[in-house]
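Colleague: Hi! Could you walk me through this one in plain words?

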Amino acid sequence: MSVINILSPHVADLIAAGEVVERPASVVKELVENSFDAGAKNISIEIRNGGSTYIRVTDDGCGISPEDAGIAFMRHATSKLSDEHGLECISTMGFRGEALAAISAVSRIEMRTRLTGAGEGTVIRLTAGEIDEMDAVGCPEGTTTIVRDLFYNTPARRKFLKSDRSEASACHAAAIRCALAHPDVSIRFIRDGEEQFFSPGDTRISSCIYTVLGRETARDMLECAGEDSGLTLRGYVSSPSACRGNRGGQFFFCNGRFIRSVLMQTALEQAYKNSMLTGRYPGCVLYLSIPFGSVDVNVHPAKIEVKFSEEKRVFDLVYYSVLAALEKEKHSADISLSPSTEAALGKNEGFYQSISAQEYKALQHKERSAEKVSGAADTAFSAPRDSYQTSLDLGSAFSSGGGRSTGLSSGMPALGLSKPEKPRHEGVPAEKHAVPVEKPVQNVEKKALPYHNIVGELFKKYIVVELEEDVLLIDKHAAHERMIFDRLKANAAEITVQTLLEPVPLRLSGEDSELLLANSSLLSSLGFEIEILDDCNFVVRGLPADMAPSDVIPSIEEICEKLRSGKAPSPEEARDEVLHTVACKAAIKAGWDTSEAELERVTEAVLSGSVLYCPHGRPVSYRVSGRDLDKRFRRIV
Ligand code: ADP
Ligand code: MG
């Protein structure tokens with residue numbers, strides 16, 4: 001007896017329906033996409049009870065003729081594809097001819113539709129995929145589809161629906177994605193009788209973001225655009241200070257279709273590295289236009305995943321466009337010159353870049369060589385610490401000791417062979433909170449800065465600066481941390497090591513020891529010189545010159561924590577995380593006494609526009625307009 005059955009078309013439809021229609025939100029998406037394909041300019045979406053009892057989508061698109069109305073609900077019925085060649089370049093949202101068949105198989109559906117220019121329309125009603133009624137009817141041009149009692153005939157699926165509230169938010173999210181996908185189409189979303197949003201459809205991405213995602217989100221976004229022969233990217237990305245705790249604010253579209261793309265997401269997030277708090281995620285509304293033949297949307301029935309034929313080009317386009325948007329913000333930051341100052345100085349463009357990055361590097365190199373020659377090894381500190389400091393060739397310094405391939409030195413003698421026999425100069429005991437002071441790059445920078453006067457400090461935390469007609473408040477720790485981070489990152493190969501006169505014993509848990517060993521070469525390349533005593537005991541003999549010896553244990557613990565929590569999946573990220581820790585520990589802290597010279601250095605760096613966010617993405621300065629103050633005190637009205 002045969003045990004294999006050919007399933008009836010009805011059962012086959014139910015199975016297929018499961019792939020396309022997972023929940024009410026999928027119905028919303030499919031119906032709205034049909035409206036887009038029909039060329040609609042206005043679409044209204046209404047749901048009740050999370051969409052499980054009622055979903056209505058009305059459009060002013062081309063409509064369906066009476067002859068086609070019945071066919072539209074059959075499986076593989078589509079007007080958008082006629083043969084296999086069409087699959088090579090799909091320009092419509094739909095093409096599989098599945099949605100109406102799938103939705104009607106698991107609901108009671110009613111459609112009223114009138115072809116543009118036709119005298120009358122058609123109404124068609126189906127229950128579980130079977131046509132109950134089809135008739136001529138008077139109705140506006142376009143199409144209204146009403147889906148009632150979703151999954152009423154598939155209790156197993158119905159059971160999986162979540163609460164009305166969460167199904168409604170999923171529908172809301174689907175409507176948002178549809179609206180953002182088409183800023184040229186006006187979309188209204190109504191939930192249980194209340195309008196949730198109404199996008200104007202004026203083609204402007206910014207007004208679409210404003211109405212759909214809200215004023216706050218729109219305010220914190222930066223314009224982003226890029227092009228690479230045939231590929232274009234446009235849209236908005238969030239300012240680093242407005243990043244959030246999850247990826248819910250990321251919207252990627254490809255040729256008008258909302259997509260999930262790990263590739264684009266990675267490119268976006270890479271661009272924010274070092275200007276964003278770790279554990280935060282940037283938001284974006286980015287539209288990629290790509291030749292239809294270079295992207296395969298037929299990877300999944302819901303068409304949310306796509307496959308790019310040229311992944312690297314897409315990655316680069318996103319990465320560099322976002323980076324450029326962030327850079328632009330840096331240079332157009334809060335701190336701008338007043339028109340009068342600009343006129344007086346007779347210059348207004350690229351003002352803060354009076355010295356190019358290359359020139360800057362060359363200058364630094366020159367300074368360093370000069371210092372090496374003169375034997376003054378301390379390039380970073382205004383006051384030496386309780387140790388001596390010496391510029392070492394790190395490559396050889398860490399192969400010292402027992403020659404473990406981990407990069408950490410092990411066994412005695414403690415001091416590496418490649419190090420000088422004797423300290424080149426004895427350090428005087430460190431002043432309390434000795435602070436690294438960046439060397440002035442050159443005077444050219446100074447004369448380019450706008451008028452400013454450092455008034456003092458608030459709470460030993462914020463530097464108060466008169467800046468032209470305004471007041472600028474600078475978070476001294478955040479700004480200094482960024483300065484140190486940038487310097488370390490740019491010159492990581494030449495990090496100065498301080499060898500401790502009194503090595504610091506370090507005891508770690510087994511897990512942390514493993515982490516330390518696994519990352520030993522990274523740590524040694526960044527200036528940590530750690531000797532292994534046994535499984536859990538270590539001795540720290542050297543550390544990055546910027547760091548106070550008293551900070552070494554908390555720093556190593558913090559670094560282990562970051563490495564453990566998976567915040568740094570790649571070596572490059574691990575390196576940045578370690579640099580963050582070093583920079584944070586080395587920077588002047590709130591509550592410390594800070595010298596005028598140090599305040600001046602930090603202020604100038606901020607005014608030069610090179611320091612905008614701390615390495616974790618917190619803003620470093622806040623400008624209060626003098627005009628606003630005058631208004632508050634009613635000096636002006
Ligand atoms: P697909 O969109 O993949 O073609 P669907 O099952 O979603 O498949 O729709 C089947 C057909 O019904 C479409 O190809 C289109 O011709 C027609 N159709 C569906 N919805 C609309 C609409 N809102 N306006 C005009 N035509 C529609
Ligand atoms: Mg469709």
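Modeller: Happy to! One term to begin with: contact means heavy atoms within 4.5 Å. This is a predicted model, where local features need pLDDT of at least 70 and side-chain atom pairs count only at pLDDT 80 or more, while totals for chains, interfaces and linings use all residues. Residues are numbered from 1 along each chain as its sequence is written, and side-chain values use heavy atoms, with hydrogens and water left out.

Colleague: Thanks! What is His-477 in contact with, leaving aside its neighbours within four places in sequence?

Modeller: With those neighbours set aside, its partners are Cys-584, Ala-587, Ile-588, Lys-589, Ala-590 and Arg-618. His-477 sits in helix α15, residues 476–490. Helices (H or I, at least four residues) and strands (E, at least two) are DSSP runs, numbered from the N terminus.

Colleague: Is His-477 buried or exposed?

Modeller: Buried, because its relative accessible area is 12%. The word buried means under 20% relative accessible area, exposed is over 50%, and partly exposed is in between (1.4 Å probe, protein chains only).

Colleague: And how much of the protein is buried?

Modeller: Buried residues make up 50% of its 637 residues. The protein has 21 helices and 24 strands. Of the contacts with a separation of 6 or more, 71% are between residues 24 or more positions apart.

Colleague: Switching to cysteines: where is Cys-243?

Modeller: Cys-243 is in the loop between β10 (231–238) and β11 (250–254). Cys-243 has a relative accessible area of 4%, so it counts as buried. Pro-282 is 39 residues away in sequence, yet the C-alpha to C-alpha distance between Cys-243 and Pro-282 is 4.6 Å. Beyond the neighbours within four places in sequence, Cys-243 has contacts including Tyr-272, Met-276 and Pro-282.

Colleague: How many disulfides are there?

Modeller: The count is 0 disulfides, where a disulfide is taken as a pair of cysteine sulfur atoms within 2.5 Å.

Colleague: New topic: how many cavities of 30 Å³ or more does a search find?

Modeller: The search of the whole structure finds 4. The largest cavity has a volume of about 110 Å³. On a 1 Å grid over the protein atoms alone, a cavity is a set of points where a 1.4 Å probe fits but cannot get out, and a pocket is an open set with protein on both sides within 12 Å along at least five of seven lines; lining residues have an atom within 4 Å of a point. Grid points are joined across faces, edges and corners, and a volume is the space filled by probe spheres set on the points.

Colleague: Which element gives the most to the lining of the largest cavity?

Modeller: That is α6, with 4 residues. The residues lining the largest cavity include Lys-29, Cys-178 and His-182.

Colleague: What about the second largest pocket: how much space lies in it?

Modeller: About 700 Å³. Its lining has 32 residues, and those nearest its centre are Asn-34, Ile-64, Ser-79, Lys-80 and Leu-100. Here α2 supplies the largest share of the lining, 5 residues.

Terms used: Chains are lettered from A and ligands numbered from 1 in the order in which they are written.
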